Amino acid sequence: MRTPEETFPTHFTFGVATSAYQVEGGIENDWAEWERAGKLKEPHARCGRAVDHWHRYEEDYALAKAVGATAFRISLEWARIEPVRGRFDEAALEAYRERLLKMKAHGLRPVVTLHHFTHPSWFHRETPWHLPESVPTFRRYAQRCAALLEGLDALVISFNEPMVLLLGGYLQGAIPPGIADGALTMRALENMVRSHAAARQELLAKLGRVELGISQNMLAFAPDRWWHPLDRALVRLASPAYNHAFHEALATGHLRVNMPGVASTRVAIPEARDSVEFIGVNYYSRAHLRFVPRPPFIEFKYRDTRGRGLTDIGWEDWPEGFLQTLRDVKRYGRPVWITENGIDDRAGTRRPHYLHSHLAQVLAARAEGVDVQGYLYWSLLDNFEWLEGWGPRFGLYHVDFDTLERRPTPACDYFRAVATQRRLVAPGAL
């Protein structure tokens, strides 16, 4: 008889994840402008047609089904839906509705993200996140998106990795909108929390009920120098601020960030209290933090502490932090969905072992009473990886970026076996 730690229950969902800009192609938005300004690591890289999911979506649904997935995460591209402020493209809305209906017909539960990093080109000029006008702007967008979800039993994500967007776009200036200002970062954070609450109101008004959450990137943290008191202090500050501030605001209605010399805020947002039905976790790695005597006083790095080898994007392979992350979110008393987890594995040989080690942590968390209900692998397909461009390969399916041919990697067989047999075994035991 198998022990509970080796098996997934029948109601546990295995699925895959994507985002619009990274796979659809043909999108004109703030990221397209950023690329033309030469601000990627390879200045001439362009997303362009991406991997043409916009036209190949049914083929890609079939690929998801072929690996045993029963859920498929997409995002709605705001720039397609509202290309001009206040003017909505009905053809784009109808196209997304058609894609969602066909997804459902393929036996895939839609997991729909309203905001996955990108914005219409007008947004940062007219209603940026640090201005209060951003809240009614997002509310209006969410109201139009709500009609797309009728009758679909979709899991809905308001914001994907809001802290990544804010740290990259508002504190470091490395991604759109390219601002580097701690005070504006905190104003933008507050308005995004308010926007989530506003979107929830619109979704409930249209749908009557909704399963809504955010998809939060959560890192394990460690001091770069275990003996250094300031490195250790950074770890104590970083996890509450980065991993939990947004989740806490949606649970309690109180937004608190305390990173002295970097960015801090403390504000009540009562409309955000109890505004999620699930906790969305994106987990990839662990960061080592080092204090430096100049703003913003933090350096972070990835270290190969166990000799496993960094992943091809340069991140530590640290499944142990996944279990601790899942333990940490148990405090919210909500079901947990792994909305992203994956590895940049350009040779395609490490991914089955990565899946095994991380799914083992999911089972360990479930054995400790964490109500993890689903796991969405990032990603179904190799795709355009933001500032990194076309180098990284996270896909279960390898994509030839010239021909757009999709080919299964060895991880497809492994994922299928676990998802369909609902039993975790080592890759070599298949």
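The radius of gyration of the protein is 20 Å, which agrees with the value near 22 Å that a compact globule of 430 residues would have. This radius is taken over C-alpha atoms, and the globule rule is 2.2 Å times the number of residues to the power 0.38. The model is predicted: local features need pLDDT of at least 70, side-chain atom pairs count only at pLDDT 80 or more, and totals for chains, interfaces and linings use all residues. Residues are numbered from 1 along each chain as its sequence is written, and side-chain values use heavy atoms, with hydrogens and water left out.

Along the principal axes, the C-alpha trace spans about 60 × 55 × 45 Å. The protein holds 13 helices and 13 strands. Helices (H or I, at least four residues) and strands (E, at least two) are DSSP runs, numbered from the N terminus. Of the 430 residues, 59% are buried. Buried means under 20% relative accessible area, exposed means over 50%, and partly exposed lies in between (1.4 Å probe, protein chains only). Among contacts with a separation of 6 or more, 73% link residues 24 or more positions apart. A contact means heavy atoms within 4.5 Å.

The protein exposes about 16,500 Å², and carbon and sulfur atoms supply 51% of that area. Accessible areas come from the Shrake-Rupley method with a 1.4 Å probe; for residues, only the protein chains shown count as cover. There are 53 positive and 52 negative side chains, and the centres of the two sets lie 4 Å apart. Lys and Arg count as positive, Asp and Glu as negative, while His and the chain ends are not counted. Each charge is placed at NZ of Lys, CZ of Arg, CG of Asp or CD of Glu.

Aromatic pairs were then searched for across the whole structure, and 31 were found. Rings of Phe, Tyr and Trp (its six-membered ring) pair if their centres lie within 6.5 Å; planes under 30 degrees apart count as stacked, over 60 as edge-to-face and the rest as tilted. Phe-221 and Tyr-242 form an edge-to-face pair, with 6.1 Å centre to centre and 85 degrees between the planes. Phe-221 lies in strand E5 (residues 211-223) and Tyr-242 in helix H10 (residues 229-252), so this pair ties together parts that are 21 residues apart in sequence. Both Phe-221 and Tyr-242 are buried.

The rings of Tyr-283 and Phe-322 have centres 5.0 Å apart and planes at 5 degrees, so this pair is stacked. Tyr-283 belongs to strand E8 (residues 279-291) and Phe-322 to helix H11 (residues 320-329), so parts 39 residues apart in sequence are tied together. Tyr-283 is buried, with a relative accessible area of 0%. Phe-322 also counts as buried, at 0% relative accessibility.

One aromatic cluster is formed by Tyr-21, Trp-31, Phe-117, Phe-384, Trp-386, Trp-390 and Phe-401. Trp-386, a member of this cluster, has a positive phi of about 50 degrees although it is not a glycine. Trp-386 sits in the loop between strand E11 (372-378) and strand E12 (397-399). Trp-386 is buried, with a relative accessible area of 9%.

Most residues other than glycine have a negative phi, and most peptide bonds are trans. Ala-50 has a positive phi, near 50 degrees. Ala-50 lies in the loop between helix H2 (30-36) and helix H3 (53-66), and counts as buried at 4% relative accessibility. The peptide bond from Pro-176 to Pro-177 is cis, with omega near 10 degrees. Pro-177 is in the loop between helix H8 (162-171) and helix H9 (182-207). Pro-295 and Pro-296 are also joined by a cis peptide bond, with omega about 5 degrees. Pro-296 lies in the loop between E8 and strand E9 (298-301).

His-247 is found in helix H10 and is buried, with a relative accessible area of 3%. Not counting residues up to four places away in sequence, His-247 touches Ile-214, Gln-216, Met-218, Ile-279, Gly-280 and Tyr-332. Phe-123 is placed in helix H6 (residues 123-126). Phe-123 is buried, with a relative accessible area of 0%. Leaving aside neighbours within four places in sequence, Phe-123 contacts Trp-78, Pro-128, Trp-129, Ser-134 and Thr-137. The C-alpha atoms of Phe-123 and Asp-30 are separated by 8.3 Å, although the two residues are 93 residues apart along the chain.
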